[in-house]
Every structure is written in structure tokens, then in C-alpha cells.
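Dear colleague,

Please find below the structure I promised to hand over.

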Amino acid sequence: MLELMPSAGNEEERDALQCYQQRTKLEKKLLVASIFVGAILIGFIVDFCLTTNGDRFVCKNRECIIAASQIIKQVNREIEPCDNFFKFACGKLKERLHHKNVPEDMLFQKIQKQMQHVLEEPIHEDDHQAIKDEKRLYQACVNEQRNGVSLEIVKSLMNDLNGWPVLMGTAWNEEYFHWPETLIKLKGMGLKHHILFGTYLTEERNTTSKTIQIKNAVTFDPRENNMYMYKHFLKESAMVYGANETEASKEVEDVFEFIGQLRQITRIRHNSSEIVQFPLSEFQGRYPQINWVTYFESILSPKNITIDDQVSVPYHDYMDRLLELIHTSKRAVANYILWKAMGEIMRLTSPTFVDIMNQIACVKGYLPYEETEECQRAMFEIFSPRPSIVNYANKYFTDTMRTGIKTIFGYVFIEFKNMLKQSSWIDENSYRNVSEWVDALKLIIGTPEDDLDKVFGKYKPLENIHQPFLKIYLEDRKKKELGRNDDRTDTSMLHLVDSGHIIYKRSEHTFMIPTGFLQGMYYNPMWPMYLNFGGIGKAIAVALTTYMKVRQNSSESWATHLHTGFKNVTGCLQATKSSDDASQLYGEFSQQNRIGQITGHALAYQAYKKWLKDDQENSLIGLDYTPEQLFWIWTYSQSCYDITYETPRNWYAENEVVRQNAHFATDFNCDHNSEMNPERKCNSF
């Protein structure tokens, strides 16, 4: 039987119980209170120890919590990092996100939204006239796109072009259609006109000799997958302008038959030695049905064309084939020309066109178009540089950011020079050339400060600001075609401030880290530095290495030895490739890109370690990884959404970055000769 009271044999327990029962009520209360206070003291001691040893070094600000959440959402702990680091670092996102949502696209969308907010801010009395004009014009673009004003302007343009067959039906008369006149009118309207073939002019230096180059027009393959969506787009766009659905469907089929025949002419294989060139006088004699001097002068205006100029065509019977096709398919040609010409401005004229484009984007797996995206692009064309760039830089860029980026760039730059100096395959002459290139490099962080005043200093107010937006836009395009708006040409790098990429402008030997890039997964001044070095630090290092490679390949002064050494490194990478499939081996571009990535990651890591020294970095809440491990995980955060995730080449190529780095193997304690820690490693420097 189970005894609920102490047994007679348990004398110590019985004595203790009697001892407690014999105490007074006050003594009992004091004893309970002492136990309670002791428990509290123990709790404080435990909490103090935990805070001292762990939580004190945890970053708890909002930015760190978001970053920790991102890592938790992407890391797949079921995968061993030493077996497949890409699947470990990115494994969870494969099931969570659309495979096309690469970070570059997501950052671009974020920048677009930011610029939209800047343009939609109310106009202030103290705003410069340039900013007032851009905001007014942008709002007019959006409003007139929605209320139908722009659509009606396009319809009037079609009437000036003697009508669009798909809209006019049987009322359209091909006798009034002359394709040279139509293309000349399109240019005069500021619309696309290199439609049936391209016409360009080259002029010899120190001579009056000119050559008119006739080149293949850009067409798409009518056999392409999802072609029914393109047909749907042409039909739906015609219907927005007022076409009958049945008639539009028939016209679309005829146009696609013409496209197929045009593509056959443009796709005939030939090499540069087959290009035929003869005097314009002879060209006119061969094809007398067109007044070619008048046509070329109109298309190439303001250049003067004479009968003594030269004409070149892709191959000997190119014009014979092309003119015969145009002559036998007049209605299809007219429909095709107007569809192509209006296609450039369709999204500016009605939200319906944006919806139709998004249907295709959805089928193709592309990111959707924003309704206001085209109006932003139009501002970029009209204003050069855009006045709103100043407001964007003031809103999203700070001196604190500039200081932080300078620090990171400085550490990466030093490691880059050290790596060049220690290279085993760069000879002395090549090293001298590389060093000169590196030392002369100019750096712009966020925004080119010296150029901000130039935006307003040279601004000339728009004279036609009160006209409908589309007329202003097309008038500006027409001026560009005629070369009459040089006063709006931007030669600075200011227009790149809202870019989502690090930029190297070769003509000015300038390296720019734009404001738009200093966000997202790349940089935040509130992050621990292992995230910033793994983000912007890695991007800087990869860009430096890649641009150096571009310079190497484009200059004879960099010594043959440098190129030979580079080939040896790429050969090493090929030798370590596990696939026997020749199609999986790296091409030349892929080799350069991969070496840039491998070297860039190594540079960024070494720069971080030099910055770190003996300091203690805060960890991220909820994560038990070291700062070094978090550096590697974060470098992969920009690759987790890769479009080709499913292909073996992609995950292997991404893992090559860590497989070739001994520090990674040490940081994750990878066994010797494990998948991510091969015995043979290729040293690119």
C-alpha cells in the first residue's frame, strides 16, 4: 500500500517535519520569505550571467532583427554547410519565393518606388523651377495616361499617317500607302522609324566621304514559345484603339506571316566580307522605285547626303529580297510599321496596355510592370540629368553612409592592392600597369557632390510645359533625332545616382557606388560590419576585380604574361569541374565572372578580418553563428533567388566561391577533402 505519511523508519524526515510544525507563525513566514527572496536573487544572478556572456553582444535594433529574420527564413539547417553551402544558405527560399525575384530586380523595384514617392511629393514654393517642371510633367503623364488624353493624341497621329489598316478595315486604301513617306513621317513625329531596316551614317575622319549603312532591323522569332501571347498583345492593343476583334485577329495572322518572311531575309548567314558597298548613284539605278537621296536625307537629317556617298548592305541581294517582300504585302507592312512605332509609347497612353503587358510578363515569369514606371522612364529621357535626382539623394543619402562606405572601400582597396602585389603570376611590368590603373581610380560614393549645382545651373525651363504631356514628350524625342537639344545632354555621372549597380565609367576612370545601391541586402549603417562587408564590401571587391579584368583584356600594354596567368587560373577551375558534360564547362565570360566572384569574396573576407582585429562584434538575435559564418551566409543572400537555381551548373558555380576559399572551410570546420573543402584549390592571385 502506498503510504502518504512518512514511515516509521524515516526518522530524519519525521524529525524535520516536527521541527517545522513546532515553529511559530512568524518564523514560518520569515522562512518562506527568505526562500522567496533567495529565489529572486538567484534569478538576478542567472540573468546577469546570461546578459554578460551572451545577450550583451546581441544586436537588438530594428535593422538587425529584420536581417536576422531574413537569415532564419533562408537558411536550411537540415543541410550541412560543408556538403552544399548554397543549399544550406538559401534552401528555404526555394519554396517561399518566386524564382525570378532576384535581388537586383527587387532592388530596382524599390528604387522605382522611392523615385515615385519623390516625384509625387507636393510642389513647394521654394522648389527650384527644374524640380517643379519635372513634378508637373510627371503628374501630367500619369493623369493623361489614365483619363484618355494621351490615347486620343495617338489616334490623331494615326490619321496623319493615312490611317492604320487594322482600325480602318476596308476603308483603308493601299494606293495611298508609301512606306518611305510613312517612315519619314514617323521620324518627324519623334517615333520609332528603324522598322523595316536600320539606316546609319559613318563619316571618315579628315575627309568628306560618307557611308550609309543599311542594317537588319530587329525582329522577334515568330516561332518563339508563348507566341500566342504576343499575338494576343497585338490584337488587344489594336482593340484599345478601337479595332474590331474579328478583324484584328485576322490582321494579326497576316502580320505574323510577314514577320516570318522578314526574319528569313534578316537571318541569312553572312560575314563581314559579304557586305556589299557601292556609290549611291549606282544604288539609285538598281532600285529606282524610291528616291533614295530624299529618303536618306530625311532619315539621317540633319546630315547632308549626296549622290557620291557610299551605300552598304548586308549581302548582295538583300535589297532585292526586302523590296519584293514589301511590295507584295502592303497591308501587312502598314500594320506592322504602325504596331512597331506605337509599341514604344503604348504604355504611356493607357493603363490597359500595362495590364496587357503584365499578362505576358506573368506567362513569361517576369516581374510585373508598374503603371507609373513608363512615366518615370519618360522623365529620364526629357530631363538630363533629372532634377528629382537631387531630391532623391538628399532624402536617401547621408554623410554617415558616406563615411561608412569610405571605411569599407578603404579596407577592400588595401587588400586589393596587397593581393596584386603578392600575386604569383603577374609580372613586374604588368603589376606596374595595374598599380597605375588602381592608384588613378576616382571614387564617387552616393552622389557626385560637385555636379549637384550643374543640374540647376544649366537648366532652361520648358517652353511648352502647359501642352499635353505626350506632345511634349514626342517633341523632345524629335529634337534628339535632329540633334537640337545638346543643352540637355548630361556628361556627368549624376543621372546614375538612383542606379542599383556599382558603376565604372571608363572614360573618366571613375568608380561610383550610387545612392540607390546603398540599401536592400547591401548596406545599412545600423548593421554589424560582417553584414556590410558581406554585402557592399563583397560587391565592391567583385566590381574592382571584374573591371580590372576588363581593363586587362582591352589593353595591349598589360603584357602577354598577365593574360597567360589568367588563362592558367581559368584552366585550374576547369580541371576542378566535376561534370563530364562539356556543355557544363565554363565559357570564357563565365570563367572571368567566376574568378571575379571568387577573388571578390576572398578580398571582402580579408578586408573584414583586418577591420575586425581584436574587437567584439554583436551577433544577431536568434542565431548561433559566428561573425565569420554570418559573413559567408550574407554574401549568398544576394544569390538566393537565382533564376537558374535548378540547374547543376548554377549551384556548383555558386559553391565554387567557397570551395576555393580555405577561410570558409576553417570557419565552418569542414573536414579535409569534403565537398566544400577540396584538397586542390585554385589561387586566382
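Arg-386 and Glu-134 form a salt bridge in this predicted model, with 3.1 Å between the closest N and O atoms. The pair links distant parts of the chain, 252 residues apart: Arg-386 belongs to the loop between α19 (373-382) and α20 (388-396), whereas Glu-134 is in helix α7 (residues 129-147). Both Arg-386 and Glu-134 are buried.

Arg-77 forms a salt bridge with Asp-624, and the closest N and O atoms are 3.0 Å apart. Here 547 residues separate the partners. Arg-77 is in the loop between α3 (62-74) and α4 (85-90), and Asp-624 is in the loop between β9 (619-620) and α28 (627-637). Both Arg-77 and Asp-624 are exposed.

The third pair is local. The side chains of Arg-659 and Glu-656 meet in a salt bridge with an N to O distance of 3.7 Å. These two residues are 3 apart in helix α29 (residues 648-659), so about one helical turn separates Arg-659 from Glu-656. Are they buried or exposed? Arg-659 has a relative accessibility of 7% and therefore counts as buried. Glu-656 is buried as well, because its relative accessible area is 0%, under the 20% limit.

Beyond these pairs, salt bridges that share partners join six residues into one network: Glu-344, Arg-347, Glu-374, Arg-377, Glu-381 and Arg-477. A search of the whole structure finds 29 salt bridges.

The pairing on the two sides of β5 can be described in turn. β4 and β5 (residues 310-313) run antiparallel and are joined by 4 bridges. Among the partners, Val-276 is bridged to Val-313 in β5, and Pro-279 has Gln-310 in β5 as its bridge partner. β3 and β5, by contrast, run parallel, with 3 bridges between them. Thr-211 stands opposite Gln-310 in β5.

Ile-111 lies in helix α6 (residues 103-120). Its relative accessible area is 2%, so Ile-111 is buried. What does Ile-111 contact, leaving aside its neighbours within four places in sequence? The residues in contact with Ile-111 are Tyr-392, Asp-498, Ser-499, Gly-500, Gly-516 and Gln-519. For Gly-500, the separation from Ile-111 is 389 residues in sequence and 7.6 Å in space, taken from C-alpha to C-alpha.

The other residue is Gln-629, which is found in helix α28. With a relative accessible area of 12%, Gln-629 is buried. Leaving aside neighbours within four places in sequence, Gln-629 is in contact with Asp-667 and Phe-668.

Finally, some totals for the chain. The secondary structure comes to 30 helices and 9 strands. Of the 685 residues, 49% count as buried. Among contacts between residues at least 6 apart in sequence, 75% join residues at least 24 apart. The accessible surface comes to about 34500 Å², and 51% of that surface belongs to carbon and sulfur atoms.

With kind regards

How values were computed:
Residues are numbered from 1 along each chain as its sequence is written. This is a predicted model: local features need pLDDT of at least 70, side-chain atom pairs count only at pLDDT 80 or more; totals for chains, interfaces and linings use all residues. Side-chain values use heavy atoms; hydrogens and water are left out. Two strands pair if DSSP finds at least two bridges between them. A salt bridge is a side-chain nitrogen of Lys or Arg within 4 Å of a carboxyl oxygen of Asp or Glu. Buried means under 20% relative accessible area, exposed over 50%, partly exposed in between (1.4 Å probe, protein chains only). Contact means heavy atoms within 4.5 Å. Accessible areas come from the Shrake-Rupley method with a 1.4 Å probe; for residues, only the protein chains shown count as cover.
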